[in-house]
Amino acid sequence: MKELFVLAEHRQGELRDITFEMLTKGMELSQKINADLTAVLLGHNIKEFAKKLADHAKRVLIIDDARLENFNAEAYQRVLFHLISERKPSLTLIGHTAFGVDLAPSLATELNLPLATDCIDLDFEGEKLVVIRQVYGGKVNVKASLRKSESYIVTLRPATFEAQEPKPQDGDIVKIASPLSEDITCKRFIEYFQPPAGEVDITKADIIVAIGRGIKDANNMPVVEKLAEALGGVLACSRPIVDKGWLPNDRQVGTSGKIVKPKLYIAIGISGQFQHISGMKNSDLIVAINKDSKAPIFRAADYGVVEDLFKVVPSLTNKILEEKH
Amino acid sequence: MNVIVCVKHVPETAEAEIAIHESGKRIKTEDLVFDINEWDDYAVEEAVLLKEKLGGSVTAVTVGPEDADSTLRKCLARGADRAIRLTDKAFEGSDSYAITKILYKTIKDLPFDLILTGTQASDDGCAQVGVVLAELLGIPHVTMVKKVETMEGLVKVNRELEGGLGEVMEVKLPALLAIQTGINEPRYISIMGIRKAMKKEIKVLSLRDVGLTEEEVGESGSWITVEKMFIPPVEKEAEILTGGVDEIATKIVETLRAKGLI
Ligand SMILES: Cc1cc2nc3c(=O)[nH]c(=O)nc-3n(C[C@H](O)[C@H](O)[C@H](O)COP(=O)(O)OP(=O)(O)OC[C@H]3O[C@@H](n4cnc5c(N)ncnc54)[C@H](O)[C@@H]3O)c2cc1C
C-alpha cells in the first residue's frame with residue numbers, strides 16, 4: 001500500500017493553517033500517484049485534532065506521548081524516523097515553518113532521504129519528484145528535481161496553497177504506540193513567551209504606512225512619519241527596520257510579526273519577500289513604492305510606483321495635506 | 001568557549017537587476033556585488049560576543065571560490081581568530097546538503113563547544129545547512145535563535161516562532177545554533193581591524209584534503225539538481241503609475257479620494 005504523509009502541525013491547542021494547506025496539496029498528489037493520504041499527528045491529548053484531520057485524509061496516524069506535548073525536534077525526529085522507516089511513504093510533506101525548519105533537514109539526513117525545502121509547488125513526473133522554489137528573495141524561480149528515491153521529504157512554504165473545504169473522508173484513526181523508549185535528553189522545552197504589547201496596535205489600524213530597508217538610515221524616518229501623519233495612519237515596517245531598532249517589535253508585519261488587513265497599505269522601500277507579503281497581502285488597497293521595477297512587492301500591490309522614495313513620498317505628503325485643506 | 005561559525009559569500013540582489021545565465025541553470029553574477037550573507041553576519045557577531053565574555057576562540061569556515069576570502073576577512077576583522085576556505089572544482093553544482101558534507105568533514109576534527117550558522121542564506125533560502133550539519137556531527141541544534149545565555153554545560157536560547165511568539169529551550173553542549181537576524185547589533189568594523197585582518201592567514205583546503213570523493217559532492221552528492229531557472233510568471237501585477245513625481249503623487253491622491261481614504 002502506497003502512502004503519502006502530511007505531518008500535522010499544531011501549537012497551543014490549535015491545528016495550524018499550514019496543515020490544511022498541505023492536506024489539500026497532498027490529496028491532489030496522492031490521487032495522482034495512487035497513494036493513500038495519511039495525516040501524521042504527534043502530540044499529547046490530541047483526540048480532537050484527530051477527528052478534524054479524519055475529514056481531510058484517508059487515515060490519521062496518531063501517537064500520543066507526554067514527551068511530544070510541545071514541539072521538540074529531538075523527540076519528533078525519533079518518532080518520525082521509526083514511522084517513515086517502517087511505512088516508507090512515497091512522500092512526506094512538512095511545513096516550512098519554525099517547526100518544519102527545525103525538523104526536516106536532520107530527519108532527512110538521518111533517514112538518508114532526499115529533501116527539498118521551502119517549495120512553492122511540487123509534482124511527480126513519472127517516478128521523479130520535481131519542485132518549484134523561489135530564490136534571490138523571490139526574484140527568480142527554480143525548477144529542481146530530487147535524487148531518485150522510493151521516499152522523499154518536502155517542506156512547503158506556508159500560505160502558498162489555498163486550503164480547500166474537504167470532501168469528508170471519514171478517515172480511519174489509527175493509534176500507534178509511541179516508539180520513544182528513552183527520555184529526551186539533549187533539548188528541553190521551557191516555555192513560550194510573547195513580547196509585551198506596545199502603544200500602537202497595527203492590526204487595528206485602517207491606514208498603514210510601512211517602510212523597509214529602502215529607507216536606508218534612521219535619520220530618514222521623518223520622511224515617512226510625515227506621510228503617516230498626513231494620512232492619519234500608523235507606521236509599520238519590514239523586519240530589517242526592527243532588527244536595527246528603528247521601530248519597536250510590534251510594528252513588524254509578516255510571518256514572524258503581525259498579520260494586518262487595513263483599508264490602505266503603502267509599502268515603501270520594501271522588496272516584498274514572502275515572509276513580509278504573507279502579513280499584508282489581504283489589505284484592501286496596496287500601493288507599493290520601490291525604485292526596482294522587478295521587486296516582488298509589485299506582484300502583491302494594486303498600484304505601483306517605480307521611483308526613488310525620497311522623491312515621491314515628500315511630494316505625496318504635500319499633495320495629501322493640500323487636499324485636506 | 002570555542003566557537004565555529006559557518007558563513008556564505010552571497011550576491012546582493014534586493015536592489016539589483018537580475019539576469020538568467022545562458023545555461024538557464026544559474027543567474028549571471030558578473031555585475032553583482034557579493035558580501036557576507038546577512039544572517040551569518042549576526043552569527044559571527046554572536047560568536048565574537050561569546051568569545052569576549054567567556055574566552056576561547058572563533059573559527060570562520062566557508063565553502064566557496066577565492067572571492068569568498070573577502071567575506072572571511074570580514075569575519076577576521078570582526079574578531080574571528082582563524083578562517084578556513086574549502087574550495088575545489090568538484091564542489092560545483094553542490095546543493096546545501098553536499099555543501100554541508102564538506103563543512104562536516106572539516107569541522108568534525110576541530111575542537112568546538114558551539115557551532116553557529118545563519119538561519120538561512122539570502123540566495124537559495126534553503127535553511128538546511130545548520131540542521132544537517134548538527135545531524136552529521138551527532139549534536140543537538142536549535143534554529144531561529146534570538147538570544148543565547150550560556151550556563152554550565154548547556155545554553156538557554158530564545159527561539160523565534162510565528163506571529164511574534166517565541167519559545168525558550170535548553171540545549172546541551174556541544175550544540176549548533178542557527179542564528180536569526182536582530183539577535184545583536186553587528187559591530188562597525190574599523191580600518192585598523194580590516195588592516196589587521198589582511199595579515200591573517202586563510203587556510204585553503206580541497207576535496208582531497210577534507211577526505212571526500214567526487215561522487216559525494218557536486219550534483220552527484222546532492223539531494224536536488226537545478227533543472228532550470230526562470231523569472232516568476234506574472235499572475236497579478238500592480239498598475240504602475242507613470243509620469244513625473246508630482247503627477248504620480250496626484251494620481252495616488254485621486255485614487256485615495258475615490259476610495260474615501262482621505
Ligand atoms: C524565519 C524568518 C522570518 C521572517 N519574518 C519576517 C517578517 O515577519 N517580516 C518581514 O518583513 N521580513 C521577515 N523576514 C525577512 C525577509 O526574508 C526579508 O529579509 C525582509 O522582509 C526584507 O525586508 P525589506 O524588503 O525591507 O529589505 P530588502 O529586501 O533589502 O529590500 C529593500 C527594498 O528597498 C528598495 N529601495 C532601496 N532604496 C530605495 C529608494 N531610495 N526608493 C525606493 N525604493 C528603494 C530596494 O529596491 C529593495 O526592493 C523573515 C525571514 C526569516 C528567515
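Trainee: Which residues are linked with B:Asp41 in a network of salt bridges?

Mentor: This is a predicted model, and the pairs discussed here are computed from it. A salt bridge requires a side-chain nitrogen of Lys or Arg within 4 Å of a carboxyl oxygen of Asp or Glu. On that rule B:Asp41 belongs to a network with B:Glu45, B:Glu52, B:Arg78 and B:Arg187.

Trainee: How many salt bridges does the rule count over all chains?

Mentor: Side chains of opposite charge can pair when their charged atoms come close. Applied over all chains, the rule gives a count of 46 salt bridges.

Trainee: Is A:Arg239 buried or exposed?

Mentor: A:Arg239 is found in helix α6 (residues 239-243) of chain A. Its side chain makes a polar contact with that of A:Ser256 at 2.9 Å. Leaving aside residues up to four places away in sequence, A:Arg239 touches A:Gln252, A:Ser256, B:Lys146, B:Glu160, B:Gln180 and B:Thr181. Because its relative accessibility is 15% and the limit is under 20%, A:Arg239 counts as buried.

Trainee: What does the pair of A:Arg239 and B:Glu160 join?

Mentor: The side chains of A:Arg239 and B:Glu160 meet in a salt bridge, 2.8 Å from N to O. A:Arg239 lies in helix α6 of chain A, whereas B:Glu160 lies in strand β8 (residues 154-160) of chain B, so the pair joins two chains.

Trainee: How many residues apart in sequence are the parts that B:Glu160 and B:Lys146 tie together?

Mentor: B:Glu160 and B:Lys146 meet in a salt bridge at 3.8 Å, N to O. B:Glu160 counts as buried at 11% relative accessibility, while B:Lys146, at 27%, counts as partly exposed. B:Glu160 lies in strand β8 and B:Lys146 in strand β7 (residues 141-151) of chain B, so the parts they tie together are separated in sequence by 14 residues.

Trainee: Which residues of chain A lose the most area to chain B?

Mentor: The contact takes 89 residues from chain A and 79 residues from chain B. The two chains bury about 7500 Å² between them, 57% of it on carbon and sulfur atoms. Together accounting for 10% of what the chain A side buries, the residues that lose the most area are A:Tyr136, A:Phe193 and A:Tyr303.

Trainee: Which helix gives the largest share of the side of chain A that touches chain B?

Mentor: Across this interface the rule finds 13 salt bridges, one of them between B:Glu17 and A:Lys294 at 3.0 Å, N to O. It also finds 44 residue pairs in polar contact. The largest share of the chain A side, nine residues, comes from helix α4 (residues 98-111).

Trainee: What stands opposite A:Phe193 in β9(B)?

Mentor: Strand β12 (residues 187-193) of chain A pairs with strand β9 (residues 166-172) of chain B in the antiparallel sense, over six bridges. Opposite A:Phe193 stands B:Gly166.

Methods
Residues numbered from 1 in each chain as written. Chains lettered and ligands numbered in written order. Predicted model: local features only at pLDDT ≥ 70, side-chain atom pairs only at ≥ 80, totals over all residues. Heavy atoms only, no water. Contact = heavy atoms within 4.5 Å. Buried area = accessible area lost by both parts, 1.4 Å probe. Polar contact = N/O pair within 3.5 Å; in protein donor to acceptor, adjacent residues only side chain to side chain. Helix = DSSP H or I, 4+ residues; strand = E, 2+ residues; numbered from the N terminus. Pairing = 2+ DSSP bridges. Buried < 20%, exposed > 50% of the residue type's maximum accessible area, 1.4 Å probe, protein only.
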